[in-house]
Amino acid sequence: MNKNYETAKQTYAAFGVDTDAAIAALKTVPVSVHCWQGDDVLGFEGAESLSGGIQTTGNYPGRARTPEELMADYAFALSLMPGTKRINIHASYAFLGKDKGKIDRDGYRPEHFAPWVKFAKEHGVEGIDFNPTFFAHPRMKDGLTLSSPDEKTRKFWVEHGRRCMEIAAYLGKEMNSQCLVNIWIPDGYKDIPADRLSPRLRYAQSLDEMLEGYDKKWVLPAVESKVFGIGVESYTVGSNEFCQNYAATRGICSLLDNGHYHPTEVVSDKIPSMLAFHEKVALHVSRPVRWDSDHVVIFEDELKEIMKEVVRNDALGRVKIALDYFDASINRVFAWVTGQRSVEKALLYAMLLPNGEMKTAQEQGDFTRLMYLQERVKMLPFSDVWEEYLAQQNLDENYYEPIMEYEKKVMENRK
C-alpha cells in the first residue's frame, strides 16, 4: 500500500467512504468484453466487409485475420484489464472447421463454439455472453431479417435464433454461469414506410418462435433497440418502445446501448426507470459521437453518470455491463483495454461517492448541501485509489508501452 493511497483513504473516510470496501467490491463486478473489437466485426465466416446498418472506420495496421490471431490479441488485452471479466461473442465467430461452406447460420451447433469455452476457461473469465448475428449476410432480403414479409427469409433467421439459444445454453452450462443472449436486428427502411406496424408484428412473432422453450436456467435473453442506422434512417423495426414493451410482456431483459438513442437522450436517466419495473437490465457501453459511431469508451461524464445510477441504486447484481465499440483508427488492443479500464474507473468513481449522504440531502430538500457535496467530491484524490486498485492486481497505469511492444513484435508482421 503506497503512501498516497493512505492519505486518500483518510480523505475519503472524512466523507464516510470506505475505499478498501470499494476496491474489494469493484474486483467482483463482471464486465463483458466483446470479441469484435479485435477484427473490425468481420468474424470467422470469411466476410470482407460489414453490412446491415453498421460500419467500422479506419485502417490501422495489424487487424486480426484468423481465429488464432484474434484469440492471441484478445488474451493479451484481457491480461491488461483489471477486475472480473466475461467474454462476449457473436455467432459469426463460430469455429466451423470442416463445416465451413457446408452449413449456414441456421445450422450452427454448440460444438462450433467449443474453442471459445476452452479459451474462456484458460483465461479465467467468469462466463460467456452471446449474440445472434443478424447482419452482414446474403440472406438478408431487402435489408430485413426477423421482420421480413418473405416467409422463407423470416424462417431462416428464426432458425438461426433458435440455434443461438441452444448454443447459449451450452455456453452457460459449460461456464456454470448464465449466458446473456442479446438480440439486435438491423431491420428497417431508408425512406418513409407505408406500414410501420406489420414489420413489428412479424418481429414479435419471430422472437416468440425463437425463444420458445429456451433454457431459463442458463440463458438470459435480451432485446436491444436502435433509433436508426446507415440505410435505415427513416424507420427501424426494433425501436425503443417496441423492445421495452416486448421485454416487459415476455419477462425477458431489455438492453440499453448508449449509442442507440437520439443525441439528447441519456442512458443514465433510463437505468433507474428500468430498475423500477425490471429485475435485470443489460447495458452495451459505447460512445456515440453525434450518432451510433461506436467510439472507444473513455472516462467521460455520461459514463460516470451511467455507473453512478448502477451503484447508487444497489444494482451491481441487476445490471449486466458489456462493452460494444469497434475502432479501426487506432491500435485495436489499446482500444479494447482503454474502454474496459474506463468502465472500471467509472464504477470505482461511483463507489467512492458519499451516495447515502447526498440522497439524504435531496430527500430533506437541502439542495445547497447536495450541490456542495457534488462539487466537493470532484476534487477528491480518486486517482490514488485507482492506482491502488491496479497495484493490488499487479497492474499499473502504463499499459501503452506493453501494447506498443506487442504491436512491434506481433501485429506489425501481419501484412
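**Helix α13 and the rest of the fold**

1. Start with α13, where Phe382, Asp384, Val385, Trp386, Glu388, Tyr389 and Leu390 are buried. Buried means under 20% relative accessible area, exposed over 50%, partly exposed in between (1.4 Å probe, protein chains only). The helix covers residues 382–391, and seven of its ten residues are buried. Among the elements that cover those buried residues are α1 (3–13), α2 (19–26) and α10. Helices (H or I, at least four residues) and strands (E, at least two) are DSSP runs, numbered from the N terminus.

2. A word on conventions. This is a predicted model, in which local features need pLDDT of at least 70 and side-chain atom pairs count only at pLDDT 80 or more, while totals for chains, interfaces and linings use all residues. Residues are numbered from 1 along each chain as its sequence is written, and side-chain values use heavy atoms, with hydrogens and water left out.

3. Overall form. The protein has 14 helices and twelve strands. The C-alpha trace spans about 65 × 55 × 40 Å along its principal axes. A compact globule of 415 residues would have a radius of gyration near 22 Å, and the protein agrees, with 22 Å. That radius is taken over C-alpha atoms, and the globule rule is 2.2 Å times the number of residues to the power 0.38.

4. Burial and contacts. Of the 415 residues, 56% count as buried. Take the contacts between residues at least 6 apart in sequence: 80% of them join residues at least 24 apart. Contact means heavy atoms within 4.5 Å.

5. The largest nonpolar core has 126 residues, and Trp116, Phe130, Leu283, Met307, Ile321 and Val343 touch the most other members. Helix α10 (residues 332–351) gives the most to this core, with eleven residues. A second, separate core has six residues, including Leu180, Ala222, Cys253 and Ala282. A nonpolar core is a set of buried Ala, Val, Leu, Ile, Met, Phe, Trp, Tyr and Cys residues joined through side-chain atoms within 4.5 Å.

6. What does Phe130 touch? Leaving out residues up to four places away in sequence, its partners include Asn88, His90, Phe113, Cys164, Leu171, Leu180 and Asn182.

7. Surface and charge. The protein exposes about 18,000 Å², and carbon and sulfur atoms supply 50% of that. Accessible areas come from the Shrake-Rupley method with a 1.4 Å probe; for residues, only the protein chains shown count as cover. There are 50 positive and 61 negative side chains, and the centres of the two sets lie 3 Å apart. Lys and Arg count as positive and Asp and Glu as negative; His and the chain ends are not counted. Each charge is placed at NZ of Lys, CZ of Arg, CG of Asp or CD of Glu.

8. Two positive phi values in residues other than glycine. Asp40 has phi near 65 degrees. Asp40 sits in the loop between β1 (30–34) and α3 (67–79) and is buried, at 11% relative accessible area. Arg290 has phi near 75 degrees. Arg290 lies in the loop between β10 (287–289) and β11 (291–295), and counts as exposed at 78% relative accessibility.

9. Two exposed loop sites. Gly46 is in the loop between β1 and α3, with a relative accessible area of 52%. Its C-alpha atom is 9.4 Å from that of Ser92, 46 residues apart along the chain. Lys216 is in the loop between α6 (197–211) and β6 (219–224), at 63% relative accessibility. The C-alpha atoms of Lys216 and Ile252 are separated by 9.9 Å, at 36 residues apart along the chain.
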